[in-house]
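Hello,

Here is the structure I promised to pass on. My notes on its rings and charges follow below.

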Amino acid sequence: MTDNTIIDLSLGDLAQRENNSHLFHRKVYKQLSQGIEIQLERSKVTRSQDNINHIRSHHAFLLNGERGTGKTSILVNLRGFIEREEDFKKIGYDILFLDPVDPTLLNDHEDFLNIVVGQINKSRYIKDGLCACKLDQKESYYRSLENFATALEGEQSTSDRFGLDRLLSYQGSLDIAQRTHDYFFEALKVTGKSLIVITIDDVDMSLHHGFKVLEVLRKYICSPCVIPIVSGDFLLYRELVGNQFCMQLVHKKRSDPDKKAQREQAQKLAVEYLRKVFPVQQRIMVPSIKHYCEKFPGQSTIIQNGNAQKLGNLYSIYQWLLVVLNGRVNGEEKSAIAYTPQTARELMQWLNALKPVLEKLPNIGFPPLQRDKGDSYNIKDAITRWWLTLPKEASTVMLDTYNILSSYFNYSQESRLHELCEALKDINDTRCNVDLNNLTYLNPMRQLEINTGGSYERPNENYKLYIELGITDFTNQSDRLPSALMKKAAQLLTALPAIEPIDNKLKFKKDYLNTCIKEKDNDRIFLLCLFSYNDYYTSYQTASLVFFGRFFELITTSLIKDIDGAWLRELLSKPPYYSIMSISTTKTFDLNEDEQDSHDDSSELDMLNFGLDDLYLNQLANDINAFRKGLMNNHDNEPFFADVSLLTALQSKYFNQLNLYKVAGYKNISKKSKRPSLTNDALLNDIALRAAYCYWGALGSFEKSTLYFDKNISNRIAHENFFAVSKEANSSVIKNSNTYRLNIEPFTTISKPLDPLSFTQLLEKHPVYKFILHLKVEIQEKQGDKVDESLNIDQQKVIINNKVIKKILRNLIDDNEASIAVNANDRNYVIVKVTEFYDDVNKYATKTQQSANELIANFKLSQFIKNDAWNRRNYGYLRLPHLIWTILLKQDTTALENEQVFVNRLIAAGVDKVLAKLLAAGIEA
């Protein structure tokens with residue numbers, strides 16, 4: 001017989017199996033069979049006249065396991081296993097098997113020992129034996145049965161007798177063990193068997209009769225002629241016995257310290273009691289059914305539909321289920337659903353529910369059925385790649401899968417899994433106009449309305465943000481949230497971030513908005529619409545407050561479906577996604593009066609969408625849809641979107657990071673977390689870059705896996721915020737961030753499209769990203785950064801030029817990393833040389849302008865530009881001048897011949913005029 005376990009779906013939920021290969025836990029069956037074989041040899045030397053006190057032994061087996069592991073199935077199928085198994089078939093003829101006894105079915109006045117003897121007496125083997133045996137043997141059997149009944153009756157009637165009768169009844173009760181042994185012996189003689197196997201199911205679940213059953217096992221069923229096999233959870237048995245002993249030891253009159261000591265003593269007694277009833281070596285652990293979903297046992301568990309059709313092994317089908325639920329998400333930070341069937345019954349019902357889909361998998365290229373398993377073969381990655389790139393004709397299989405699972409989890413009271421499947425179903429059904437706000441799996445407000453199973457007490461991020469931090473502006477907004485979100489823990493299906501709050505300090509001034517509208521810069525106006533909101537009820541004039549939710553909704557929706565100009569117009573008109581505005585649209589939001597703009601000259605302008613025309617939105621929608629065609633990745637159709645789990649994790653990380661940025665603007669936060677004070681273009685560019693890279697870095701952290709990279713790369717993932725809230729979102733911060741280097745750069749440095757497609761790799765080609773990634777945050781001079789006016793004019797210029805030099809060279813290094821493939825050694829060399837230059841400038845920072853002139857005029861940068869050696873880019877120290885050539889001079893050689901052209905180019909690139917002239921002087925040197 002093969003070592004594989006076969007799950008035949010055509011058999012349904014039938015308890016009795018006719019083939020040993022259809023049985024779970026065959027190792028347990030073999031252990032029991034070996035124990036029975038040993039006891040069988042002992043029972044063969046037993047004689048009827050043996051005194052039970054001389055041959056008494058406790059050898060009951062305990063099948064220890066959690067509920068639903070298949071213990072009852074073992075008791076039901078043990079006899080058939082022994083009779084069919086070649087190694088144990090011979091002992092089957094010598095064993096009298098009784099049907100399983102369930103103590104939970106006992107009436108209050110029934111005695112368990114009566115039930116056991118009754119099971120034996122009604123056995124067909126006893127009836128057949130009595131018909132075939134001689135008269136004296138028959139009489140001997142009935143005599144032993146009568147003696148047993150008399151002894152048992154005496155024990156049961158002791159309390160109703162007095163004097164000599166009571167003494168005699170006690171004498172009879174002491175004889176019950178012997179009479180029970182004699183009856184077992186006579187029953188074996190009648191049947192021609194040598195051992196009785198009694199199976200007792202779920203004693204631990206019989207709270208009323210459980211201890212009485214154990215007492216029967218201890219006192220009376222201790223004959224070598226019988227072997228009890230009892231199922232249950234050992235921890236429950238210990239609790240059951242411990243409580244019984246505790247009732248006897250702990251009395252109301254005892255002091256509390258005494259009671260505590262007696263309770264501890266009761267637990268110790270319970271352990272020793274069970275050691276006697278169930279010897280340690282006779283306890284067999286029944287593995288959890290989850291064990292069969294693991295790799296090695298799962299690969300040896302074959303799913304089939306009758307004898308004709310093999311549907312794969314349980315491990316591969318379980319991995320397919322995880323892919324169906326999770327898509328490509330890598331599981332970092334608990335981002336993947338960890339569903340496993342807990343019981344054998346649940347496993348069988350789940351497989352039978354999916355049977356219509358499982359029957360189709362062999363016909364659409366299910367990977368495990370296409371090749372042999374191997375150690376280097378990552379079956380989950382293969383299934384993920386297959387599932388995410390299924391052809392169009394297989395779309396019905398995917399929708400059928402989500403429909404079946406949604407219904408199954410709904411009736412199983414698994415609301416979390418049900419809503420996940422509902423979201424996957426709605427997103428991929430072309431008849432549904434998907435809206436992120438309508439997906440319960442992403443929306444805490446909708447989750448609060450669910451009353452069925454699946455919700456759990458989870459740490460509530462809203463409480464931390466709106467209440468615990470103690471920021472007055474946020475606390476004042478807390479009454480806009482439902483009361484269920486104002487507690488430390490909330491009943492939610494998923495771990496969700498705090499709703500994005502209003503930040504009174506983070507807004508655009510009206511004069512800046514007016515300037516943008518009048519200049520009709522559609523790209524900038526679109527960014528303003530995307531990251532601000534001003535259409536809300538207030539007692540004062542509205543301000544354009546910064547929110548990050550629209551960006552998330554736009555990018556996420558464009559990964560799921562095509563959009564149009566009307567959709568964009570609606571996006572920019574409604575309250576931002578996942579914001580406090582979106583859940584309290586009819587409530588009034590008042591800013592502090594000192595936070596309001598002092599004037600408003602925009603009454604005649606369109607402040608809702610800032611005058612953004614439909615032509616621009618239609619073209620942007622077309623560009624986004626053209627970008628979406630890249631998602632097909634050389635396939636004939638757009639693949640299904642199977643990544644709601646990825647979106648959930650992405651949403652949490654995105655809003656958590658940007659909520660921290662909003663928190664950092666308040667005085668009661670430490671100075672280290674104080675965010676930079678920005679306005680106008682600098683503010684708009686900063687929040688756009690911040691949102692874009694936070695989204696991108698979070699996406700990469702949940703997508704990076706062995707699906708795309710080998711283990712050495714995929715194991716290195718940054719788990720940190722993209723930006724320190726105290727720094728602006730400039731290129732040096734971005735490119736030097738671990739999040740960029742580990743979560744984004746590995747995807748973007750691959751030139752060929754990954755298969756399956758990678759959202760992280762493709763995101764930089766998104767039209768909105770292409771625009772945002774070219775933005776720079778130009779920091780305006782702050783009041784506190786002004787040069788000391790007590791210095792002479794030359795000293796002031798040196799200090800200003802020093803700052804400009806540092807800024808320009810820092811940007812050059814960052815751009816150099818982005819546009820030229822620089823290895824680590826070269827990059828470090830350039831950074832060292834630039835650092836040396838900084839140090840030299842600092843030495844002269846307090847000296848005269850003439851000293852600075854000499855330093856800068858002799859600086860080798862200008863000489864590198866003049867020298868054609870810049871073309872030999874294999875030298876690391878020449879990469880910096882090469883960049884100045886390609887970026888600043890636009891590869892125009894006339895700039896090297898004409899000092900004024902050179903100066904103009906540098907000034908246009910942002911170089912200070914004085915510094916530009918000094919560098920130009922260096923060319924002529």
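This is a predicted model: local features need pLDDT of at least 70, side-chain atom pairs count only at pLDDT 80 or more, and totals for chains, interfaces and linings use all residues. Numbering starts from 1 along each chain as its sequence is written, and side-chain values use heavy atoms, with hydrogens and water left out.

Aromatic pairs come first. The structure holds 43 of them. Rings of Phe, Tyr and Trp (its six-membered ring) pair if their centres lie within 6.5 Å; planes under 30 degrees apart count as stacked, over 60 as edge-to-face and the rest as tilted. Tyr 183 and Phe 184 make a tilted pair, 6.4 Å centre to centre with 55° between the planes. Both Tyr 183 and Phe 184 are buried (under 20% relative accessible area; exposed is over 50%, partly exposed in between; 1.4 Å probe, protein chains only).

Why is the pair of Tyr 693 and Trp 696 tilted? Their planes stand at 35°, with ring centres 5.8 Å apart, so the pair counts as tilted. Tyr 693 and Trp 696 sit three residues apart in helix α29 (residues 680-703), about one turn of the helix. Helices are DSSP runs (H or I, at least four residues), numbered from the N terminus. Tyr 693 and Trp 696 are both buried.

Next, charges over rings (NZ of Lys or CZ of Arg within 6 Å of the ring centre and within 35 degrees of the ring normal). Arg 124 lies over the face of Tyr 125, 4.4 Å from the ring centre. Lys 662 has its charged end over the ring of Phe 547, 4.2 Å from the centre.

Best wishes

Terms used. Helices (H or I, at least four residues) and strands (E, at least two) are DSSP runs, numbered from the N terminus.
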